[in-house]
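Dear colleague,

My notes follow below, grouped by topic.

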Amino acid sequence: MFCNQCEQTAQGTGCTIKGVCGKSPDIQSLQETLLFALKGIGAYAYHARQMGEREEEVDAFMHEAMFKTLTNVDFSIDDMIATVLAAGRINLKAMEMLDRANTKTYGDPVPVKVQSGTVNGPGILVTGHDLPDLEELLKQTEGKGINIYTHGEMLPAHGYPKLKKYKHLVGNYGSAWQKQKREFAEFGGPILATSNCIQIPGDEYRDRLFTIGITAIDGVQHIKSRKDMSAIINRALEIGNLPERNVGAMTTGFHHTNVLALAPKLIELINAGKIKHIFLIGGCDGAKASRNYFNILAEKVPRDCLIITLACGKYRFNDRDFGDIDGIPRLLDLGQCNNSYSAILVAAALADAFKIDLNKLPLSLVVSWYEQKAVAVLLTLLHLGIRNIRLGPSPPAFLSPNVMAVIQEKYALKLIGDPDEDLREMLAGR
Ligand code: SF4
């Protein structure tokens, strides 16, 4: 299908010529960026709305910004840049809204150690981001002898008091989305997919996979209402016992509420030189070999530095023991990608305590991006004026060379490079 203006460029690939419509590749690039960000904001707003939270300002922006992506509406570079940055501001509101929804419904997360593997007995694996789906499954399986496991972005659920109270929420199985074909095949029991980042299943587990809510795959059973999970529950009982597999443990649940409670101690340790630098290493994971950069970097972070992480990129290193600094764990998992909100609050509180600009903190952000929510989060960080973010594994293809150059100049956005060289620069505040 071709562009309906010049009929020479394939739709969705980005205009590389200035076609008859007169739209420059840079406007096209900004419109595509905006569109991807809107998809990410839409995901957060959808989850929040499921729990009764919505904001008129977010809804209104979605409508206006969608309108701005229509053909021949907005040919002003300055105006489009302003709208793209406004998407970052609105995404911050959407993440705040989702955090409010999650914490009002399930309480403030607390740090928790989560067992990885399976225990003897029937089990169901829950993947995706939707906490109410998990809660309903926990309610409906209570007392039935079925164990519930989290996968991927569902891991942070273990930290929420009103979810962790269920004794049969026994642990986590597996890691990030790109490994699900192997992990779901090996798991053995049924799997509930509650949101995006679900792959087309292989035959080994197609008849054990169930979708729910926003998620659907042709040929896969769909649960129409979370109020009736009997199909997946019966499948788990039919399959029967899963084997005992102990593959270690990981921690999660470092929400801003409990990290901020540690702020006085963090400040004391930073002032005493015991904590030299804080690295945020997180974001979406993916299959590219160049993503090894993120685990290599995490391993090279000096022992007098903390690592904050979030989203599924953490599975590259969250099973390792990073130790602690005077009782503060060196690896703090804040949760899902939307918990970037927590990271922002922690950084803002530290900047406030030290009475300095965010960019002067001994803090470096290393973001792995893959899908649209990561685009929205990146725009939020740019909207806040955060400089020197390192992004990888590759530059977003939808950013035209000119748009990329503007972002790099204004925000000193860098692409990931050599881990040792990057580490040296970040420790030097660049
Ligand atoms: S962090 Fe990104 S890639 Fe990973 S599951 Fe969430 S949305 Fe998908």
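**Cysteines**

The structure holds zero disulfides, and please keep in mind throughout that this is a predicted model. Cys337 takes part in no disulfide, for the nearest cysteine sulfur, which belongs to Cys284, lies 6.0 Å away, whereas a disulfide as counted here needs two cysteine sulfur atoms within 2.5 Å. Cys337 counts as buried because its relative accessibility is 9%, and Cys305 likewise counts as buried, with a relative accessibility of 1%.

**Helix H2 and its two sides**

Helix H2 covers residues 56–67. With its 12 residues, H2 reaches 17 Å from its first C-alpha to its last, which is close to the 16 Å expected at 1.5 Å a residue. The buried residues in H2 are Val58, Asp59, Phe61, Met62 and Ala65. Seen down the axis of H2, these buried residues fall within an arc of 165°, so they line one face of the helix. On the face of H2 turned away from that buried side, you will find the exposed residues Glu56, His63 and Phe67.

Phe67, which is placed in H2, counts as exposed because its relative accessibility is 52%, where the cut-off for exposed is over 50%. Together with Leu70 and Val73, Phe67 makes a nonpolar surface patch of about 290 Å². Glu56, for its part, counts as exposed at 56% relative accessibility, and it forms a salt bridge with Arg54, in which the closest N and O atoms are 3.5 Å apart. Arg54 counts as partly exposed, because its relative accessibility is 46%.

**Salt bridges elsewhere**

In general, side chains of opposite charge can pair when their charged atoms come close. Counting a side-chain nitrogen of Lys or Arg within 4 Å of a carboxyl oxygen of Asp or Glu, the total comes to 29 salt bridges.

One of them is between Arg320 and Glu299, whose side chains meet at 1.7 Å, N to O. This pair links distant parts of the chain, since Arg320 sits in the loop between strand S10 (305–309) and strand S11 (324–325), while Glu299 is in helix H10 (residues 292–300), and the two are 21 residues apart. Arg320 counts as partly exposed, with a relative accessibility of 34%, and Glu299 also counts as partly exposed, with a relative accessibility of 48%. Arg320 forms a salt bridge with Asp319 as well, and there the closest N and O atoms are 3.7 Å apart.

**A residue in strand S6**

Where does Ile212 lie? Ile212 is found in strand S6, which runs over residues 209–212, and it counts as buried because its relative accessibility is 1%, where buried means under 20%. Between Ile212 and Leu382 there are 170 residues in sequence and 34 Å in space, taken from C-alpha to C-alpha.

With kind regards

Methods
Residues numbered from 1 in each chain as written. Predicted model: local features only at pLDDT ≥ 70, side-chain atom pairs only at ≥ 80, totals over all residues. Heavy atoms only, no water. Patch = residues over 30% accessible without salt bridge, like charges linked within 9 Å, V, L, I, M, F, W, Y side chains within 5 Å. Areas by Shrake-Rupley, 256 points an atom, 1.4 Å probe, with all protein chains shown as cover. Helix = DSSP H or I, 4+ residues; strand = E, 2+ residues; numbered from the N terminus. Buried < 20%, exposed > 50% of the residue type's maximum accessible area, 1.4 Å probe, protein only. Expected span 1.5 Å × (residues − 1). Arc of directions from axis to C-beta.
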